[in-house]
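Welcome, and take a moment to look over the sequence and the model. We will walk through a few parts of it together.

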Amino acid sequence: MHEHDVIVVGGGGAGLRAAIAAHEEGADVAIVTKLHPVRSHTGAAEGGINAALRDGDDWSDHAYDTMKGSDYLGDAPAIETLCQDSPGETIQLEHWGMPFSREDDGRVSQRPFGGLSFPRTTYAGAETGHHLLHTMYEQVVKRGITVYDEFYVMNLAVTDHPDPEDRECHGCIAYDIKSGDLVGFKATGGVILATGGDGQAFDHTTNAVANTGDGPAMAYRAGVPVEDMEFVQFHPTTLPSTGVLISEGVRGEGGILYNAEGERFMFERGYANNDGELASRDVVSRAELTEVNEGRGVGDEYVYLDMRHLGEERIVDRLENILHLAEDFEGVDGLEEPMPVKPGQHYHMGGIETNEHGETCISGLYAAGECACVSVHGSNRLGGNALPELIVFGARAGHHAAGRDMEEAQIETGPSAAVEHESDLDTPVSPGALDAPDSDVAADGGAVTADADAVVESAVETERDRVETLMERDGVNHAEIRSDLQDAMTQWVNVFREEEGLKKALEAIREARERYQNVAVADPSRTFNTDLIHTIETRNLIDVAETITLGALARTEFRGAHWRAEHQERNDEEWLKHTMVAWNDGEPELYYTDVILEGEDKAYEPKIRSY
Amino acid sequence: MSTGITEPETEEEQETEAAGAARAAESAHQQARMEKKEIDEANRDARRQAREAVEAADRTVELKVFRFDPEVPEKEEPRFDSFPVPFTKGMTVLDALMWARDHYDSSLTFRHSCRQAVCGSDALFVNGQQRLGCKTQVADLAENGVPETVRIEPLPHAEVVKDLVVDMEHFYDQMESVEPYFQDEDTPDGLNEQRQSRENREEIKMSTRCIWCGACMSSCNIAAGDNQYLGPAAINKAYRFAMDEREGDNLTEHRLNIIEQEHGVWRCQTQFSCTEVCPKDIPLTEHIQALKREAVKKNLKFW
């Protein structure tokens with residue numbers, strides 16, 4: 001068993017920042033990650049980091065834009081924390097050597113982005129995430145922080161008190177991918193989940209193959225509620241054949257969207273008369289699909305994004321990698337022709353419920369970054385707000401887990417914060433475990449135990465049994481189950497959602513669960529067994545997909561990224577509240593908590609979100 | 001949560017559970033047989049689907065993939081397996097590998113993640129050249145149209161862990177040996193950034209694009225013969241910092257001392273193989289040459 005003060009699960013932006021923060025605080029910290037840190041999907045982020053750095057800009061304007069973008073489902077204390085801390089964290093990256101794009105006077109460049117009232121998106125070419133990731137990994141190397149790379153965390157070591165809010169997390173269990181050993185990790189200060197996205201629950205996504213929602217699934221089964229899972233962002237400009245992202249930076253620099261009839265539809269069809277192409281992502285995604293559905297798409301599938309008029313010099317200077325992406329993955333020369341684009345799953349606003357310090361309702365368990373939901377993005381994330389979330393809340397979780405004294409959090413967590421329970425959701429099949437009470441709820445030894453070592457050891461044994469079972473028995477391969485699940489989610493839980501479709505999705509998820517009972521790993525090897533890893537990931541995707549669909553079925557309104565055919569209005573009267581799903585030992589339970597619109601010195605008044 | 005079934009009371013729940021357990025025990029044998037049947041059917045289905053997809057495709061491409069597993073008796077001796085894969089327009093080598101894995105052999109092992117040439121996981125030896133699987137269009141591997149076969153091997157000059165996975169530790173060690181991190185502690189106060197000219201940013205731009213894929217190191221003859229040679233990627237990383245005007249002159253000198261060591265820049269014989277294979281088009285050889293010039297300048301200064 002390895003022991004550290006703080007264990008960070010995941011080596012992307014949030015995980016690296018958390019580890020550096022814990023180290024700054026004097027803690028012995030280790031990163032446990034299924035990929036080497038530089039392979040993390042933070043590296044694919046293109047656009048930039050929103051930070052109010054300049055004269056004429058102010059964190060409160062950034063907060064206002066973010067609250068409006070969230071369609072009033074973000075929590076003010078989280079949003080204000082993000083906007084206050086982002087400038088300092090961004091400049092910190094510059095001081096660590098991050099190669100930002102520069103102005104003539106040598107200062108870092110900022111550019112306009114969708115939904116922002118000031119050009120505050122700080123960027124490094126169209127590869128901001130790559131530079132952020134590498135810069136922080138460099139600082140991890142500099143500090144000599146221990147990294148267990150290619151260690152797949154399979155579960156958390158959490159006590160099994162009946163009430164999740166009494167449970168404690170003492171560590172996690174990882175599978176050493178290269179050797180096949182199961183290793184217990186004990187954390188005396190805390191475990192920080194920073195596992196990133198879960199886009200692999202969908203068929204067409206900008207996410208990496210590794211983005212399988214491991215963190216949310218593990219936390220959820222251990223008893224932490226997941227929050228606002230129905231809010232999934234579909235990015236309006238992804239390449240049709242692969243889902244590769246074309247940055248919003250293209251539209252920020254002046255790129256134009258056309259339909260097959262050559263209309264600049266964002267204006268000409270009245271989707272966003274003021275902001276046009278730079279309207280919020282959900283608005284642009286729906287506009288594109290409406291164009292396609294009404295027969296004005298190209299090849300019944302996509303629209304065009306044109307940047308030729310910007311001129312070669314500007315394109316090469318600021319958007320060079322877009323040229324490479326279009327060429328390599330779509331065979332299109334962006335200097336000569338418009339690029340085909342369509343909406344694709346991009347980002348999950350929902351995630352593990354945390355407060356401003358990254359704490360979950362389980363003592364010693366934290367989450368930060370895309371896997372978490374603080375919530376800053378509410379029902380829709382603004383472009384350029386994901387990277388500041390990683391560094392701001394990664395740092396805060398790291399500091400807190402390492403024992404820094406921080407003011408009391410204003411956001412409450414755990415089922416005790418419920419203000420209302422969902423009692424009449426009509427689901428066609430029962431969600432949750434097939435044979436409740438589920439054997440893999442929390443990592444337990446069957447009895448409440450306070451001894452941290454025993455909790456970790458018993459969790460290791462549970463996971464050893466799981467691996468042995470998957471390896472020894474005969475069964476079906478997981479790949480087809482995963483692929484059918486992804487197809488169902490993309491068909492029924494996409495940009496446009498209908499009640500009937502959501503119910504079909506729940507049935508498909510249930511079927512996936514049933515088929516998964518017979519799943520087995522064909523590769524007999526203990527060496528680099530990716531068959532085993534992918535099989536376990538597929539289980540996580542099933543749980544995550546179910547929470548997304550349950551939330552989507554429950555929320556009978558249209559807010560932000562969540563569009564319902566039968567409910568075409570935002571309904572503040574009934575739905576100004578967060579959706580929570582708790583695993584509840586295998587019998588999922590839906591409840592709601594209040595949205596906090598009270599800021600530091602003002603209250604945010606819900607307004608109509610128009611661009 | 002309601003599913004149309006009301007929450008059972010505790011006693012009833014226990015009763016139901018007990019009855020369920022008894023029933024399960026009685027029919028355990030029957031159930032096991034049924035499950036086995038279902039599994040066999042599902043596996044037969046999967047094989048049939050793969051066969052049908054190959055038969056229905058206009059074109060197929062045959063992957064010849066290197067296989068090795070030190071733990072599995074039939075794979076202890078390295079061998080090549082063939083997988084016919086239906087070709088689709090826009091298919092990359094990585095797409096083809098994933099298709100083969102998901103339809104023929106789930107034990108086929110390779111690293112991959114982002115599918116868009118930023119994570120650097122899938123550098124492979126494709127038809128005798130280091131390439132990223134995700135960035136290589138299958139159709140580009142033939143003069144005209146679709147190639148009949150594609151040969152896929154792990155990166156040469158690295159220890160094979162299994163199939164297409166190589167041990168990257170040595171590569172990481174070399175990268176980290178050049179102190180690949182910004183070291184200047186003398187940064188401005190508060191929210192003030194360090195100034196950097198656009199020209200200087202341009203000078204280091206290409207060097208900062210490295211994704212640590214290891215293709216360059218694998219292609220380098222010198223690195224193959226001298227295990228201690230820093231290699232193109234690590235030297236490029238050193239270039240990235242040595243040329244960054246934000247670090248002070250003292251640090252630049254320190255950095256030049258590192259790359260000037262016995263197994264540093266002077267080993268490079270400018271064969272340009274690294275530059276040719278770099279998937280991010282980094283002019284690696286030029287960067288190595290630039291550091292040689294800087295080192296000479298520095299030494300002349302002390303003469």
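Let us begin with one helix, α1(A), and its buried residues: Gly13(A), Ala14(A), Gly15(A), Leu16(A), Arg17(A), Ala18(A), Ala19(A), Ile20(A), Ala21(A), Ala22(A) and His23(A). Here, a residue is buried if 20 or more other C-beta atoms lie within 10 Å of its own, exposed if 12 or fewer, and partly exposed in between, with C-beta atoms placed from the backbone. Helices (H or I, at least four residues) and strands (E, at least two) are DSSP runs, numbered from the N terminus.

Before going further, a word on conventions: this is a predicted model, in which local features need pLDDT of at least 70 and side-chain atom pairs count only at pLDDT 80 or more, while totals for chains, interfaces and linings use all residues. Residues are numbered from 1 along each chain as its sequence is written, and chains are lettered from A and ligands numbered from 1 in the order in which they are written.

Back to α1(A), which is mostly covered, with 11 of its 12 residues buried. The helix covers residues 13-24 and reaches 16 Å from its first C-alpha to its last, close to the 16 Å expected at 1.5 Å a residue; the expected span is 1.5 Å times one less than the number of residues. What do its buried residues pack against? Their partners are β1 (2-9), β2 (29-33), α4, β9 (182-193) and α10 (386-401) of chain A. After the helix comes Gly26(A), with a positive phi near 95°.

Now step back to the domains of chain A, whose bounds come from an automatic or database domain assignment. Domain 1 consists of 2-44 + 126-232 + 346-415, and domain 2 of 233-345. Their centres, taken over C-alpha atoms, are separated by 32 Å. Contact, meaning C-beta atoms placed from the backbone that lie within 7 Å, links 17 residues of domain 1 of chain A with 19 residues of domain 2 of chain A.

The two chains touch as well: 63 residues from chain A and 51 residues from chain B take part in the contact. On the side of chain A that touches chain B, α4(A) gives the most, with six residues.

Finally, find a hairpin in chain B, formed by β3(B) and β4(B) with two residues between them. Strands β3 (residues 123-126) and β4 (residues 129-132) of chain B run antiparallel and are joined by four bridges; two strands pair if DSSP finds at least two bridges between them. Val126(B) stands opposite Gln129(B), and in the turn Asn127(B) has a positive phi of about 45°.
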